[in-house]
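Trainee: I keep hearing about charged side chains pairing up, and I'd like a close look at one such part of this structure. Could you walk me through it slowly, and then show me a few other spots?

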Amino acid sequence: MGWAGFLSMALFRLPLLMKSRIRFCKLLGCGKNGTFDIHPDWRQWGIITMQPVATGATVTNRVLYGGFISGWWHFFKCEVYTMLLEPLEGHGKWNGEEVFGQLPRQSGYEGKIAVLTRATIRLSRLKNFWKNVDGVAAKMHRADGFITSVGIGEMPWIRQATFSIWQSKTQMKNFAYKMHEHADVIKKTHKEKWYSEDMFVRFRPLASFGTLHGADPLHAG
């Protein structure tokens, strides 16, 4: 039911803006293959919010997003997957802001980890970007320690992000910096100045509920 998801991107803005506890919020489209993808998936959509959650509190989608949004998902029988995350380390800005606060570039955390990589691609570098990402995406899905990923974006083809989950930070870094295809792309992004803005943040998964493609990937297997 792609039209319901598309319509929700317009209708969800007001109820999210009305929740004073939400410090940052983005409504996002998704790519088809779980990472940067030129082809949108009209049946999958995402929300990122930054808001406080009390320790030990019972958290539901109604608590996080309000009755209208949770009711919409229930009415249309949507599959919904929610993760609660703690920002640990990273750098960069989103629309000119450090939306997750001032973070260290590295921390001592080594457990299961979620990663958000986001960029605004320069119009003059769009061809270079899309020519290089497909091969890296295919390698990531087969990388040691990879759990799952979702391609998300604010604007098709230009403002893109990948949210991925890994068994450990070491395994994620082995893919990012030791797999030569990915390392080559990182070098090109800097040398050829592909991005006008970028951000890279790692998170500790705190909790999850719901399903993504029929399972909770954080606890699968």
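Mentor: Let's start with a term: a residue is buried when its relative accessible area is under 20%, exposed when over 50%, and partly exposed in between. Keep in mind that this is a predicted model. Now take E154, which has 23% relative accessibility and therefore counts as partly exposed.

Side chains of opposite charge can pair when their charged atoms come close. E154 does this with K26, in a salt bridge of 3.5 Å from N to O. E154 sits in strand β5 (residues 146–155) and K26 in strand β1, so this pair ties together parts that are 128 residues apart in sequence. K26 itself is buried, because its relative accessible area is 18%.

E154 also meets the side chain of R118 in a salt bridge, at 2.9 Å from N to O. That pair again links distant parts of the chain, with E154 in strand β5 and R118 in strand β4, 36 residues apart. R118 has a relative accessible area of 1%, so R118 is buried.

R118 has another partner: E197 forms a salt bridge with R118, and their closest N and O atoms are 2.7 Å apart. Since E197 lies in strand β7 and R118 in strand β4, the pair ties together parts 79 residues apart in sequence. At 19% relative accessibility, E197 counts as buried.

Next, have a look at another charged residue, K169. You'll find K169 in helix α6 (residues 169–178), and its relative accessibility of 2% means that K169 counts as buried. A polar atom of the K169 side chain lies 3.1 Å from the backbone oxygen of Y109. Leaving aside neighbours within four places in sequence, the residues in contact with K169 are E89, Q106, S107, Y109, E110, G111, I113 and R202.

An α-helix has 3.6 residues a turn, so residues three or four places apart point the same way.

For a contrast, go out to the surface. There, W3, L7, L11 and F68 form a nonpolar patch with about 400 Å² of accessible area together. Helix α1 (residues 2–11) gives the most to this patch, with 3 residues. L7 is found in helix α1, and L7 counts as partly exposed because its relative accessibility is 37%.

Most residues other than glycine have a negative phi. N95, in the loop between β3 and β4, is not a glycine, yet has a positive phi of about 55 degrees. K193, in the loop between α7 and β7, isn't a glycine either and has a positive phi of about 55 degrees. N95 is partly exposed, because its relative accessibility is 38%, whereas K193 is exposed, with a relative accessible area of 53%.

Conventions: Residues numbered from 1 in each chain as written. Predicted model: local features only at pLDDT ≥ 70, side-chain atom pairs only at ≥ 80, totals over all residues. Heavy atoms only, no water. Patch = residues over 30% accessible without salt bridge, like charges linked within 9 Å, V, L, I, M, F, W, Y side chains within 5 Å. Areas by Shrake-Rupley, 256 points an atom, 1.4 Å probe, with all protein chains shown as cover. Salt bridge = Lys/Arg side-chain N within 4 Å of Asp/Glu carboxyl O. Helix = DSSP H or I, 4+ residues; strand = E, 2+ residues; numbered from the N terminus. Buried < 20%, exposed > 50% of the residue type's maximum accessible area, 1.4 Å probe, protein only. Polar contact = N/O pair within 3.5 Å; in protein donor to acceptor, adjacent residues only side chain to side chain. Contact = heavy atoms within 4.5 Å.
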